[in-house]
Amino acid sequence: MSQLRRLVFWFYALLIYGFLFLPMVVIALFAFGRGDNPTRWPPDLLSLQWFEAILRDEAMLKALRNSFIVGLVAVSIAALLGTAAAFAIHRYRFRGSAIFYGLTMLPAFVPGLVLGIALLIFFSSLDVELSMLTVIIAHVTFLTPVILSAVLSRLERLSPSYEQASRDLGANAWQTFGLVTLPNLRTTLIGALLFAFTLSFDNIVLTFFVTSFEKTLPLEFWGRLRFGLTPVTNALATIMVVFSIVLILAANRFMNAE
Amino acid sequence: MYLSNTTAVRHDIPQTAAPPAFLSLVNLTRYYDATAAVRGLSLDVREGEYITLLGPSGCGKTTTLRMIAGFIPPSAGQILLDNRDIVHLPPEKRPVNTVFQDYALFPHLTVEQNVEYGLRVRGVPRSERRARVADMLERVQIAEFARRYPRYLSGGQQQRVALARALVCRPRLLLLDEPLGALDARLREQMQIVLKDLQRELNIAFVHVTHDQAEAMALADRIVVMRAGVIEQVDSPEGLYHRPVNDFVADFLGTTNLLKGRCVSQEGDIVLLETDGLRMRGRTHLQFAAGETLHVSLRPSCIHLNSSLSAQDNVFDGRVEGIVYRGENWLLRINTGAYHWIALTPARTGSDAGVQIGQNISFGWRAEDCWLMKAEA
């Protein structure tokens, strides 16, 4: 690459990343500011007081705990359903398997607003009281396709002769699953779980429709924004962004490892 | 032919009585939708025998192998092991192991763990496992790579691991699906020696699928030639080469001059025949009626140039149209007007082919080297 092309390349990259990340950097800077005006430029660095404020904030901590509970439980259930569905689609070409696949993938693509309203109507028509449980069910609906597609694409790249070789060498179907198939899915599964957890952790629209009084972190955050920006919300936003970035990077590492 | 200069110990099999068959395929048939991949195939496999299934792609050889392994259920027919039908047994219950075309080594296990796998899932005690794995790694000469993962091995090394992994289970029968297909020519010859030596040392029956006739000839005690789902002929390599049952087999094994002719008369096992205006004699063990169509196969190495052939033999005049040096011999193309003949003459150090392009020569072959076959309806 010539000097000029290199220069143009870096300028272009900087422009894109600046466009994507500058707003988040600004929020992070304010989060570390000393003053309590969250919008006056430039922020008066450097202080951790707003992060400490979060640790003392009971409602915030409760929301954080809720988010983790919802994330962990929903991801676990989605992992079981998604993996099982991926195996079913991969192993058996049954009548209507394409339709089954399409329907299972649907919740990942339907707008959260539509899915939220649909679930709300569904729950109320069955007289199911809104709670953490309904939030978890809602999250499972859109996390399952995430796991399904990741596992399915891995299965499709996995040579069928591994399983045949295992059977040929004397292993039964269960031994083959445990000793050959699962170990070869492991990295993909871990990656998909981390990615799904990130999606659950950041979800707001769907959660908004199907929760009652229990709030997840994004909902708590939303609730506070109605009373205006504060340095505390900036600090919280910064934590959420960093947490998501870490999870996504980890997920990527695993999914590309194989 | 490749085995002459190996150092491995060999226990020669007594050549007296053929050992008994322990595995019989009886009328084995497999349909895919309406088309038959394998049709009414019957074959006996004897103890300690090396069989190759040879044929072009799509002839049903791999399907046959996979039915024996248990990966594909036959549409009809039986697989008898010691006179018991094993068609309904899953692969893991059959005393048969497979070397896969892509080796199928488990990527998440080391070489050692791969080889140990079959013993582990069968619950063989750890100490015995260790000993058997070590012994087998030694036999195929990959002990130094025991701790490596398969992806860090070359194709030839992976092939040896696949072999060790299957053989360590001590199967009654080892199935090999185009095992040398992915290797280069030199490595392929090395692996042929390894395969043949191992098979003799362990005295395990091998059934080896290949489309490479040279490989089949080098390895097999018996070759099964298949076409379009049926067996064309089963015989020793020499038998197939010199006594093919039809033009397909004659053409598939090695190079040959194939002609179509008509029987003029037969006297004992010698037939006088006519083809494209040429009259010649050939040998047969069949009976041909006068006027009956027949196929003629003449191996290029049976053609002699300018030699003292007698009047009983077939002698013709032709023009040399091509000369190719092949190291051990010269390959000549000779034109007699109606036909282009391929002839091989031995190459001696420091001499040329003895003929030039464009030269008119007299050439011929003995009647008994000219093999006659029934023309198919």
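In chain B, strand 1 (residues 21-32) and strand 2 run antiparallel and are joined by eight bridges, where strands are DSSP runs of E of at least two residues and helices are runs of H or I of at least four residues, numbered from the N terminus. The structure is a predicted model, in which local features need pLDDT of at least 70 and side-chain atom pairs count only at pLDDT 80 or more, whereas totals for chains, interfaces and linings use all residues. Residues are numbered from 1 along each chain as its sequence is written, chains are lettered from A and ligands numbered from 1 in the order in which they are written, and side-chain values use heavy atoms, with hydrogens and water left out.

One of the pairings in chain B places B:Thr35 of strand 2 as the bridge partner of B:Tyr32.

Chain A, by comparison, contains 11 helices and zero strands, and its C-alpha atoms fill a box of roughly 70 × 65 × 30 Å along the principal axes.

The contact between the chains, defined by heavy atoms within 4.5 Å, takes 24 residues from chain B and 19 residues from chain A. About 1800 Å² is buried between chain B and chain A, with carbon and sulfur atoms giving 57% of this area; buried area is the accessible area (1.4 Å probe) that two parts lose on being put together, summed over both. The count between the two chains is one salt bridge, that is, a side-chain nitrogen of Lys or Arg within 4 Å of a carboxyl oxygen of Asp or Glu. This salt bridge links B:Glu92 with A:Arg167, whose closest N and O atoms are 2.8 Å apart. On the side of chain B that touches chain A, the elements giving two or more residues are helix 1, strand 6 (96-99), helix 2 (111-121) and helix 4 (155-167), and helix 2 gives the most, with four residues.

Terms used:
Two strands pair if DSSP finds at least two bridges between them.
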